[in-house]
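Dear colleague,

My notes follow below it.

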Amino acid sequence: MDRKPETDRRAFLKATAVTGGALVIGFYLPDGMPKALALRPGASPMPFAPNAFIRIAPDESVTILCNKSEMGQGVYTALPMIAADEMDADWGRVRVEAAPAAPPYFHTAFGIQVTGGSTSVNSSFDQLRKAGAMARTMLIAAAAEIWEVEPWSCRAENGYVLHEASARKLSFGQLAAKAATLTPPTDPKLKSPTDFTLIGRPVRRIDGRAKVTGQARFGIDVKLPGMLTAVIARPPVFGGSVKHFNADKAKAVPGVRKVVQIDTGIAVLADGFWAAKQGRDTLDVTWDDGPLASLDSTTQRKQYEELARLDGSAAAVAATRGDVHAALARAEKKLEAVYEVPYLAHATMEPLNCVAHVRADGVEIWVGTQMQTTDQAAAAQIAGVKPERVVIHTMFLGGGFGRRANPAADFVKEAVKVSKAAGVPVKVMWTREDDMRGGYYRPRTYNVVRAGLDVNGLPIAWLHRIVGQSIIQGTPFEPMLLKAELDMTQVEGSAEMDYQIPNFLVEYKMAPRGVPVLWWRSVGHSFTAFVKECFIDECAVAAKQDPVAYRRLLLVDHPRVRGVMDLAAEKAGWGRQLPQGRTMGIAVHESFGSIVAQVAEVSVSPAGEVSVHRVVCAVDCGPIVNPDTVRAQMESGIVFGLSAALYGRITFKDGRVEQSNFHDYPILRMNAMPSIEVFLVDSSAPMGGVGEPGTPPIAPAVVNAVFAATGKRIRRLPIDPNELKQKHDG
């Protein structure tokens, strides 16, 4: 990371813009790019910037501009590794900066600037390799011209270009000025993977030291001259609005400077957060609760149950083969179950925040965001300027999990509206309660599954109907991901199941809109893996077969999946004698191009409390850039999924969210943390993602282990100790 203070970096960028040298951050134009970002005549030494992603300065620093947001997942190390390896740069000289919001930094697959879908590394791999190769080629060409030798007789190594025949060498910094005068190659030759020096090796995180020493700057750390801090009073019910309010008491709070109304509520602006919050707390507001005033989780469950009726109720078909109904009719044994998962909050560790400064000539925004392009467009529309007049400074994110990738740009819009209304730069702060009670959620779903087994206990029919709100409906992604009432994100992981079952049907029934919903780490896989892997366990039990052996039979056509499962089972010691009271459960699931299997070792107390002692995880994600990052992502995905499985639940009563903070929406604490072992498969399969695939298997692995311990099948998350206690007592 760039270890300079943020203000210094901004000042630098502004200064270069003023002098006409702003194209230090240039555009990546692989075809037809006439020159590198050349030095201007008479200008002081400037970095060599062969493309939008790389700068090499005379002081030998190599700066990689990262177009993905760093929210703890390690992209500020993994992505620079790719470019630096291809350049043969000195890793000790490599820094990273957040890229500006601009078309050259658009996601190679999504066409906007976004971090999500577990795609950061695999979508950038070829792009950054090419960027690095372009830089290396130009540095070698520069050295060859200086030495008057052929470029092929030179090579790059660890930050230098070498000419071994004459034992000469020049550093990248020494070559930067000369290289900047050359024409970038459009199709530079890439290194052979056998020559990689960084890729595939564990590398310590670039941003780790800054974060543990408190030097890293998150959105919440930003301060600007003249800035006020705003806290917003929002309707307590989604869809509500302000009837009337009196700000006199709020304005009387010392430090409160302004009170302004925007369409989502009333903002109290003060010199700091505490005064703003106290001012908000004293506001006299009368709300119109709107159409969701009677929203209640119990009533909603009945509504979903009705929507899930399998007979005579049409639904969108997500996947089908064979004749599932005929197969069910002739099955030797039939199973049916209902699985339910609740709304979940993202519960990011850094509360939401956004700094915005609306001026007549444009907007400047400092924010931890996963979706710069939509934020930029939303701000431009509000401010009445062109998108290119909106400058976004991407800060470190204290957790995202999808909350900061909102197509509606809710927290950015609010900050821009408040700054525009107040006429000053503002930092809009959300308390954790604000986000927990007024944010966006993983949708609740109600799942009916049926299976028919043959005489050997193997499934010949599988039917799964999913009821839940659509994440995609009403977003710019609707044309791509919502087809004929079918939200593709809500059936992922169920529609493409690997188990060999000849008659198969997956359906989706869209529930009414109302509660704001959003993707949550692993999106649809977060619950479809739970349903699939628990119900297949039920089939194994019905067939009186070992769960691992049963799955192996059904994965005969998917040796890669079976191999990952076998590795997890082997490393966990599946079938071995366990300490008294402990049992194992297994789950395997493919998501985002990666296959993850997990074995959970648990015990259940007489009070029904589940303790997870050990998790063994195996992952095949194809070629690996940084093994440390992959292991860390698996560990964090397991912790994230465990928190949800054991505690996560957002419920509604009288239209209001009942939970508010970590006391009633807990996350896993250190004393409950299991031992985790991660094993990586040496794989040549296409590169998959790792940010999310660690989450889906953990809930079913734990629940299957709980069944082994108690004989009680948990079909509703989070796990309710009362269900298990009753079983123990009974």
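**Cavities and cores**

The lining of the second largest cavity is made up, by class, of 7 nonpolar, 2 polar and 2 charged residues. Please keep in mind while reading that this is a predicted model. The space in this second largest cavity comes to about 90 Å³, and its lining is formed by Ala345, His346, Ala347, Thr348, Pro351, Leu352, Arg432, Asp435, Met436, Tyr440 and Tyr441.

In total, 2 cavities of 30 Å³ or more were counted. The largest cavity holds about 120 Å³ of space, and 14 residues line it, of which Ser526, Gly641, Ala644, Ala699 and Leu717 are the closest to its centre. Helix α18 (residues 627–646) gives the most to this lining, with 3 residues, and by class the lining of the largest cavity has 9 nonpolar, 4 polar and 1 charged residues.

As for the packing, the largest nonpolar core has 128 residues, and those that touch the most other members are Trp462, Trp519, Phe530, Val610, Ile650, Val702 and Ile719. The element that gives the most to this core is helix α15 (residues 525–542), with 9 residues. If neighbours within four places in sequence are left aside, Trp462 is in contact with Val324, Arg450, Ala451, Met497, Ile501, Asn503, Phe504, Leu505, Lys532, Phe535, Ile536 and Cys539. Another core, of 57 residues, lies apart from the largest one, and includes Ala144, Cys154, Ala179 and Val203 among its members.

With best wishes

How values were computed
Residues numbered from 1 in each chain as written. Predicted model: local features only at pLDDT ≥ 70, side-chain atom pairs only at ≥ 80, totals over all residues. Heavy atoms only, no water. 1 Å grid on protein atoms, 1.4 Å probe; cavity = no way out; pocket = protein on both sides within 12 Å on 5 of 7 lines; lining within 4 Å. Points joined across faces, edges and corners; volume = space filled by probe spheres on them. Helix = DSSP H or I, 4+ residues; strand = E, 2+ residues; numbered from the N terminus. Nonpolar A, V, L, I, M, F, W, Y, C, P; charged D, E, K, R; others polar. Core = buried A, V, L, I, M, F, W, Y, C linked by side-chain atoms within 4.5 Å. Buried < 20%, exposed > 50% of the residue type's maximum accessible area, 1.4 Å probe, protein only. Contact = heavy atoms within 4.5 Å.
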